[in-house]
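Subject: Structure handover

Hello,

Here is the structure I said I would pass on. My notes on it follow below.

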Amino acid sequence: MIDVIIAGGGPTGMMLAGELRLHGVRVVLLERDLEPTEVVRALGLHARSIEILDQRGLVDRFLPLGTKHPLAGFFAGIDKPAPERLDTKYPHTLGLPQPVTERLLTEHAVEMGAEIRRGCTVTGLSQDDEGVTVELADGTSSRARYLVGCDGGRSTVRKLAGIDFPGEPTRVETLLGEMEIGVPWEEAMPLMLEVRKTQKRFGIGPFGDGVYRVVVPAEGVSEDRAVMPTLDDFKEQLRRVAGTDFGVHSPRWMSRFGDATRQAERYRAGRVFLAGDAAHIHPPTGGQGLNLGVQDAFNLGWKLAAAVHGRAPAGLLDTYEAERHPVAEEVLNNTRAQIELMKVEPGPQSVRRLLTELVGFEQVNRYLVEKIIAVSVRYDLGSENDLVGRRIGDLALKRGGLYDQMHAGRAILLDQTGTLSAGGWADRVDHLVDVSEELDAPAVLLRPDGHVAWAGSDQQELEAELARWFGAAL
Ligand SMILES: Cc1cc2nc3c(=O)[nH]c(=O)nc-3n(C[C@H](O)[C@H](O)[C@H](O)COP(=O)(O)OP(=O)(O)OC[C@H]3O[C@@H](n4cnc5c(N)ncnc54)[C@H](O)[C@@H]3O)c2cc1C
């Protein structure tokens, strides 16, 4: 039997497929579309996602294809430079169109041995004590021990699993597309910047090869957002917002998105899990959705692999929702706040001016930036030690960078005392005796996702945590 079926081959599904393969799990990924999409939704990766790629030895595939952008303007477009000395090796955003990110994650998943089946639409599911049966639109079915719905905001898996998706519907809609413009950029740019002073949801920018990315607020909300806008829709809305349609023509693709904000009430129903947009949707402000999905997959992968191999301690699979639901809740909250701050009415504009002043304070700026780039995430693992639950940076060890030690996706006992032992867990946990000036603890136990499970120097305490996260000793 297949171990895990993943429904949906967007960034979340592809990341998860690669993570599961790292642990030898038999994975089949079912993707509805025959070809990868050319629609560019996400424009880049934030620090925590880049760190994750670094932890798996993949970062060198991504960095050369992207552009480093300074970390400014990511909170409601408030244009203050990021504070200095952010706690990450990657204090910038990596500009990378979503189709490129997806292609690189797909290549990795395939190299790792994941089976990707395109043109497969999941239409039904049923589960029992042993596994999940997934039905496809072509009348065939497949069975696996677990199913993960990574099938986007309109997730079929979520609906079939009976998981509610409470929240708020779309209230404002935006048109997005790539097209050419009929006036020289030197003429268009000043007008665009003038309009943007008050209309933050509008923008035009060169995207290479004479193509421009056009974003313009739509009037009202369409009845069916699956119906794509036309070039005339773009012209009409541009004239309304900017007084001219910039002579737009020759579109490459056109799309629309809303500001619906919803979160799955549960991330798990028996043997079925949700990750990425299937579990949460929110406006794209701050560029967080893809990053959030990739980070969901990174959290779930090693836990599901442990369950497949029969080594998951009781409750491990439930920590996925316990850890990731609050993180997405935070993102929903900050995107909702940003949408309010970007409104053109005098009230929101006043709050925006006040917040812009507050961002002048280094601590406020740091707090907001670290939230968006997700390096301040701390899972509540029940410890009072502030290090526990946090992800750890790429510490400089005597032997080199810590992230280089994480490529195999195994847990690590990083021991500066040289007195501890991974004992009966040595088959699952690498014991590194090494030191780093950047680590303020005698030893830390790092989970395969790089979050600190324990910090201290007591062997007995350590063994309790090893059992809690990795099951019984051999
Ligand atoms: C305008 C815009 C700009 C954005 N900018 C950013 C940004 O800068 N940074 C950022 O982090 N995020 C951004 N996002 C959000 C980001 O695009 C999404 O969060 C991300 O694509 C979610 O990835 P996913 O894999 O969870 O879902 P998706 O990318 O939606 O992938 C789901 C996949 O499932 C497939 N599928 C659907 N139904 C089925 C089925 N029944 N059976 C099989 N397959 C199925 C689909 O074909 C699709 O390939 C933006 C979004 C928009 C709209």
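A residue is called buried under 20% relative accessible area, exposed over 50%, and partly exposed in between. Leu358, at 38% relative accessibility, therefore counts as partly exposed. Please keep in mind that this is a predicted model.

Leu358 belongs to helix α10, which covers residues 346–358. Together with Leu354 and Phe361, Leu358 makes a nonpolar surface patch of about 310 Å².

Thr335 is a case at the other end of the scale: its relative accessibility is 0%, so Thr335 counts as buried. Thr335 sits in helix α9, residues 318–341. What does Thr335 contact once its neighbours within four places in sequence are left aside? The contacts are His282, Pro283, Thr285 and Gln288.

Domains

On the domain 1 side, twelve residues are in contact with 14 residues of domain 2.

A hairpin

Strands β12 (residues 203–206) and β13 (residues 212–217) pair in the antiparallel sense, with four bridges between them. Within this pairing, Gly205 is opposite Arg213 in β13. Five residues lie between the two strands of the hairpin, and Gly208 takes a positive phi there, near 95°.

Salt bridges

Side chains of opposite charge can pair when their charged atoms come close. How many salt bridges does a search of the whole structure find? The count is 35. Three of them are described here.

In one of these, the side chains of Arg61 and Glu111 meet at 2.7 Å, N to O. Arg61 is in helix α3 (residues 59–62) and Glu111 in helix α4 (residues 98–111), so this pair ties together parts that are 50 residues apart in sequence. Arg61 has a relative accessible area of 30% and is therefore partly exposed. Glu111, with a relative accessible area of 52%, is exposed.

Another salt bridge is formed by Asp87 and Arg391, whose closest N and O atoms are 3.0 Å apart. Asp87 lies in the loop between β4 (67–70) and β5 (92–95), while Arg391 lies in the loop between α11 (362–373) and β19 (396–397), so the bridge ties together parts that are 304 residues apart in sequence. Is Arg391 buried or exposed? At 5% relative accessibility, Arg391 counts as buried.

Glu330 counts as partly exposed because its relative accessibility is 38%.

Regards

Note on methods
Residues numbered from 1 in each chain as written. Predicted model: local features only at pLDDT ≥ 70, side-chain atom pairs only at ≥ 80, totals over all residues. Heavy atoms only, no water. Patch = residues over 30% accessible without salt bridge, like charges linked within 9 Å, V, L, I, M, F, W, Y side chains within 5 Å. Areas by Shrake-Rupley, 256 points an atom, 1.4 Å probe, with all protein chains shown as cover. Salt bridge = Lys/Arg side-chain N within 4 Å of Asp/Glu carboxyl O. Buried < 20%, exposed > 50% of the residue type's maximum accessible area, 1.4 Å probe, protein only. Contact = heavy atoms within 4.5 Å. Pairing = 2+ DSSP bridges.
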